[in-house]
Amino acid sequence: MRFVHGRRTPRTLCLVLLLLLFSSVAYAGHGEASAAKKGILLVAFGTSEPAAQVSFTHLGEEVGKRLPGTPVRWAYTSNIIRRKLAKQGQVYDSVPIALSKMIDEGFTHIAVQSLHTIPGEEFHEKLLRVVKGFRSMAQISVGAPLMATPQDMEAVVKAIKATIPADRKASEAVVLMGHGTHHPGNIYYPGLQWYLSKAAPLVYVGTVEGTPSLDDVLAGLKANKVKKVWLMPFMSVAGDHARNDMAGPEDDSWISILTAKGYKTEAVLKGTAEYDVYSTIWIDHLQSAFERLN
Ligand code: CO
């Protein structure tokens, strides 16, 4: 028995090895599971304003320069914007649709970069939560929005200072229009104001939907006896909010309110993502997300 057993074991082993060899050949023959395919998914809120698209075009070009040869896909987190654009024949994917398509195309490693300004509802609910659901199907790393860490705050303050028009005099104020939100992530706006108050005198950040409000900004302008105000969007795109709520002709736009209060005004219609000093911050986050893929 022992002798027979001793003879049979190597034969069984050979068979097992042979089977393993065949199965690995068959596996390699299909070639899907063995080859890593890396890609990038850029995720923005979106814009329906054709002129604001320059921001995303610029970001896409800069991503191509930093990580050449890596396929790049796009998704918009705003369903309202996506539906509006779809009616005009422009189809943009949501994050779940974009990730499904990428996995279907065979991507095994995906770096998802948020092009939002703060980690708010769009980032947490429409991006991060969706990514968690897809993690059993591909390796996915996520790059943080523009403002996430204390280093980001310092880089953003530098970017703000670098993009203020050269014609602005030191006695003149700069008012940045941020979006703002009911989400706890809104805290990044008053946080930014704290950094600005130390490094950039008379530069204020107000928000459309959160804190600080325009009233908070007006109180600062009054206290500092400011006479002229430069208005700039603090959003990736100079879209609807910048063109209408900030610089539009209606009575309730920021420029109209400031003018009615006797301030001289000047508006700049450029989104933050149009400038290299800002796009670099997002792309630094993307690069570290990309390097986390293995
Ligand atoms: Co809005």
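Two strands count as paired if DSSP finds at least two bridges between them. The exercises below apply this to a predicted model.

**Exercise 1.** Find how many bridges join strand β5 to β6, and state how the two strands run.

*Solution.* Begin with β5, which covers residues 173-178. Its link to β6 consists of 5 bridges. The cut-off is at least two bridges, so β5 and β6 pair. The two strands run parallel. For one position in this part of the sheet, look at G178, which stands opposite T207 in β6.

**Exercise 2.** Work out the strand order of the open sheet and name its edge strands.

*Solution.* The sheet has 4 strands, in the order β6-β5-β7-β8, with parallel pairing. Next, look for strands that pair on one side only: these are β6 (203-207) and β8 (264-267), the edge strands. From one strand to the next, the twist averages 25 degrees.

**Exercise 3.** Describe the largest cavity by its space and its lining.

*Solution.* Counting cavities of 30 Å³ or more gives 1. The largest cavity holds about 40 Å³ of space. Its lining residues include M232, P233, K270 and Y275. Sorted by class, the lining has 5 nonpolar, 2 polar and 1 charged residues.

Key: Residues are numbered from 1 along each chain as its sequence is written. This is a predicted model: local features need pLDDT of at least 70, side-chain atom pairs count only at pLDDT 80 or more; totals for chains, interfaces and linings use all residues. Side-chain values use heavy atoms; hydrogens and water are left out. On a 1 Å grid over the protein atoms alone, a cavity is a set of points where a 1.4 Å probe fits but cannot get out, and a pocket is an open set with protein on both sides within 12 Å along at least five of seven lines; lining residues have an atom within 4 Å of a point. Grid points are joined across faces, edges and corners, and a volume is the space filled by probe spheres set on the points. Ala, Val, Leu, Ile, Met, Phe, Trp, Tyr, Cys and Pro count as nonpolar, Asp, Glu, Lys and Arg as charged, and the others, Gly among them, as polar. Axes are lines fitted to C-alpha atoms, for helices over the stretch in contact, and angles run from 0 to 180 degrees between N-to-C directions.
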